[in-house]
Amino acid sequence: MEAFGIFGTSVGVKISNRSSEVARAAVMQAGANRYAVARSLYSEESFAEEHEKVYRHRKTTLEHVKQYFTCDARRAKNAVLSLLPIIGWIKIYRVKEWLLSDIVSGVSTGLVAVLQGLAYCLLASLPPWYGLFSAFFPVVIYFFLGTSRHISAGPFPVLCLMIGSSVTRLVPDESPPANITGFEGLTKDEQRVLVASSVTFLVGIMQLAMGILQVGFVVTYLSDTLVSGFTTAAAIHILVSQLKFVLGLQVPGISGPLSIIYTLEVIFNKIQSTNVCDVVISLVIMAAVFVVKELNDRFKAKLPVPIPIEVITTVIACGVSYAFDFRSKYGVDVVGHIPKGYEPPLAPNLHIVQDTAMEAFPMAIVGFAVAFSVAKVYSVKHDYTIDGNQELIAFGVSNIFGASFKSFAASTALSRSAVQESTGGKTQVAGLLSAVIVMIVTLAVGFLLDPLPKSVLGAVVIVNLKGMLTQFREVPYLWRRDKADCAVWLGTCIAAILLGLDLGLAAGLGVEVLSVVLRAQFPRCSVLANIPGTDIYKDRKDYVDIYEPEGVKIFRIPSPIFFANIEFFRSKLVEAVGFNPLRILRKRNKALRLIRKLVKKGYLQWTSNGFLNTSCGPVKESAEAESDAEERDLPTDFKEPPGRVDWNAELPADIIVPRVDLHSLVLDFAAVSFLDVSALKGLKAVSGYVDRARHATFSPRPTRLPQALKEFVRVEVDVYIVACDPYILEKLHQCSFFDDEVRPSMFFLTLHDAALHILSKHPERWQNKSGYDKILTTVTAHHPAGGLRSRDRNAPDPETRL
C-alpha cells in the first residue's frame, strides 16, 4: 500500500496498487479540483530502469553539412518561394476585394513618402531631392523580396541621422574634406552623396550577408527597452539637428561624442541671428500638423482615410512662399531646384567603405531591427508570418541596389507604415503604387517644390518625433516594475545622447548584457518547505502555514551554475544552512588530533560507552604548526581512534565542537538550465566524497577544483540533487561524471521523491516526536513522519483542516 503523503500531513485519499481502474475511481471520488497518484519512489536511476527511453539518432556534424548542401526538387521549390515571397501572396491576391484598398493606400502613402523623403534627407546632410530616390528604389526591391505586406520601405529618421554623422565627419561644412581618393573634382554635395551611397552599399552588403548566413536572430539581442531608449535619444538628436532649419541659422554639421552639446552651443551663440519668418512658418506648421494628427488619432474609427495634413500644409507653404517670394524678401532657405529624372549609377568608393565599416554595422542592425519590429506588429495583427532572414536579404538587396542610384540606407518609418496600413493597404501592391507616386514627382512635378521652405520640412520632422519623445513616460513605469530594465533604458539613452548613436548603441548593448550577467550571477536563491497536504514546495518566507522537516534543508537554485556564480552560490548555501562547513571541518579535525594525543598519552580511554577521562587535571592543547592548516581542511580520518566520534554528543576533556543538526541537503535544480565545465568539476569534487568521507581508509588527493559543496559532505551531510534537466544528466554521463563511488542514485526525479527517501533513510529523526500523534505520513518504507515544526503554532490540526 502506498499513499500520496507529504511531510506535514496526509492527503486523506489513498490509492492501492490493485489496478489502474481503482486508481481512476479514487481520483474521480476526490473531486474535480483534486487529484491523487500512487506510484513508486523514483530516483533518476530507478526511473530509467523502469521506463525505457526512445533512442534518437543524433546527427553528426558531417551529416548536417551533407543535408545542408543536398538539393532536391521540393527543396529547390521552397528556396525559390523563400527568396521571392511575392510568388506566395500574389497567387492568392483578391483583385475585387483588395485592389481598390491598395490603390487608395498607395496614393496616400506616396504623398507622405514624397514629403518624408525630402525632410529626412536633411538629416543625412544631403540635398533634399536625393530623399526621393530613397523613397523609390528600396520600395520596388522590397515589393519582390519582402515578407511583410504592410510596412513602407524607405527613409527612417534615425538611420538618416546616423548616415548624416558619417557624411559630416568625412565632408565637414567649414573645413576641408577627408583625404579620400575619389573626391577630386567633385563638389561638396557630390562628395556627400558619394559618402552616403558608399555607406549604404556597405550596410546592404552586411545585411545581405547576415541574411544568407541565417543570423536574423541577432535582432533578439536588442530588447524593447534598449530600442526604446535608443530611439528616444535619436529623437533628441533629430530635434537638435532640425533647430537650425526652424530658426533659419547656418550651423555646421558636427559628429562624434558630445556632438549634441557642441551643436547646441553653436545654436545658442547664433540665436540673435534667428530668421523670424522661418520661426513663424515653423510654429504655424507644427501647430497645424499636431492638432490635425491628434484629431486623426481620436476619430480614426470614423475617418475613412487619415487627413494628409503634412501634404496639405506643404502645398500651402509652397504656394505662399512662391507668392510672397520668401527666399528673396525674407532670406528664407528653400529646397531650390529639383532636377528631373534619375541620375546614372554610381559605384561605391572602397576607401569610404573601409573608413566607415565600424559605423555601417550599427546602421545595418538598427535599420533591420526597426523594420522587423514594425513588420512583426502588423503580421500578428493581420495573421501572417514573416521571415527575419528573408527580411535581411530584402533590405540588403534594397540598399545595394539603391546605393547604386545614389539613395541612402532604407528601413521603414513608423508613421508612413501606419498610413499604409490604416488607409486599407492589404499587400505590397500599395507600396509599389506609392513608389509610382514618388516617381511621378521625380520625373514630372518636382519643380513645384522649388519654393518650399526648409523650415517646413524641419517642422514636419519635429512633429513626427512626438511618438519617440513620449517614450520618456516609460521610465517611471520601468522603475516601479523592473529597475534593471530601467537602468538599461537610461544607460542606452544617456550614452546615445552624449556619445553618439553608434557608440551609444554599443554602450546600451553592454549595459543590457551586464544586466543579464548580473541577474544570472546573483540570482535570488531560496530555502523551500512543504505546503501541508501537497507535494508542493515553496519559499518558506512566503507562507505562514508551512512545514520543514528537522535536519533537512531544501535549497533552490534559480539560474544556471557557471564559473561566475559558483562562489555566490556557495555563500548563499552557507547562509541558508546557518553554518560554515569548512569551519566545522577544521574544528573537528583539530579536536580529533587532540583526542588521538590524549589517547596515546593515556589521558583518555575508549570504552563501549565512549571515551573515559583518566587524567586528574585539565588537559591543555598544544600549539599547532601552521603547516597543519591545509590538513585540517581534509575529510575527517578515523583510522587511529578505536571508534567513531559522535560530534553532536558531549566530547571529553572539555573539547567543544559546534553541533551540526543538518543531515540532508537537497538541491533543487529545476531552474538550472546548464552547468559549465567548472561547475561539473565542482560537483564531481563534491560527490566524490559522498560515500568515502566517512571511512577510515579514505585519503583524498589535493584538488584545485571549485569548493562548491564538498565541505558539506565532509561534515557528514548527505547531498541530493532533484529535478535535474535530462540534458544535464546526459552531459554528466558524457563527461564521465559517474564512477564506482559516484552513482546516479544521488539524483532524484522530484523534490518529493527525495524528501520521502530521506524520511525512510532517517526514521530515528521522526519517531517519538511531539507531533507524531497528529501528523501521519505513510511511505514505502513504512516510517511515520514527525517532529515537524510550523511557523504558525496556532494553526489548526492538519488532518482536521483537510
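**Nonpolar surface patch**

I began with the surface of this predicted model and found a nonpolar patch formed by Ile254, Leu258, Ile261, Tyr262, Leu490, Ile494, Leu498, Leu499 and Leu503, which together have about 710 Å² of accessible area. For patches I took residues with over 30% relative accessible area and no salt bridge, joining nonpolar side chains (Val, Leu, Ile, Met, Phe, Trp, Tyr) within 5 Å and like charges within 9 Å. The accessible areas come from the Shrake-Rupley method with a 1.4 Å probe, and for residues only the protein chains shown count as cover.

I then asked which helices each supply at least two residues of the patch. They are helix H12 (259–269) and helix H24 (483–499), with H24 giving the largest share, four residues. Helices here are DSSP runs of H or I with at least four residues, strands are runs of E with at least two, and both are numbered from the N terminus. I looked up Tyr262 separately: it has its place in helix H12, and it counts as partly exposed because its relative accessibility is 40%. The classes I used are buried for under 20% relative accessible area, exposed for over 50%, and partly exposed in between (1.4 Å probe, protein chains only).

I number residues from 1 along each chain as its sequence is written, and side-chain values use heavy atoms, with hydrogens and water left out. Since the model is predicted, local features need pLDDT of at least 70 and side-chain atom pairs count only at pLDDT 80 or more, whereas totals for chains, interfaces and linings use all residues.

**Salt bridges**

A search of the whole structure gave me 18 salt bridges, each being a side-chain nitrogen of Lys or Arg within 4 Å of a carboxyl oxygen of Asp or Glu.

I noted that Asp333 and Lys454 meet through their side chains at 3.6 Å, N to O. Asp333 lies in the loop between helix H15 (326–330) and helix H16 (350–355) and Lys454 in helix H21 (residues 454–463), so this pair ties together parts that are 121 residues apart in sequence. Is Lys454 buried or exposed? Lys454 is buried, at a relative accessible area of 16%, while Asp333 is partly exposed at 35%.

Next I checked Arg519 and Asp482, whose side chains form a salt bridge at 3.2 Å, N to O. Because Arg519 lies in helix H25 (residues 501–521) and Asp482 in the loop between helix H23 (474–481) and H24, the pair ties together parts that are 37 residues apart in sequence. Arg519 is partly exposed at 40% relative accessibility, and Asp482 is partly exposed with 25%.

In the pair of Arg94 and Glu97 the closest N and O atoms are 3.5 Å apart; Arg94 is partly exposed at 45%, and Glu97 is exposed at 54%. I also recorded a network of salt bridges that links Arg169, Asp355 and Glu359.

**Whole chain and confidence**

The chain exposes about 39,900 Å², of which carbon and sulfur atoms supply 59%. Among contacts (heavy atoms within 4.5 Å) with a separation of 6 or more, 77% join residues 24 or more positions apart.

The average pLDDT, the predictor's confidence in each residue from 0 to 100, is 80 for the chain, and 82% of the residues score at least 70. Over residues 686–707 the pLDDT is below 50, and this stretch has 48 contacts in the model beyond near neighbours in sequence. Residues 770–802 also have a pLDDT below 50, with 72 such contacts beyond near neighbours in sequence.
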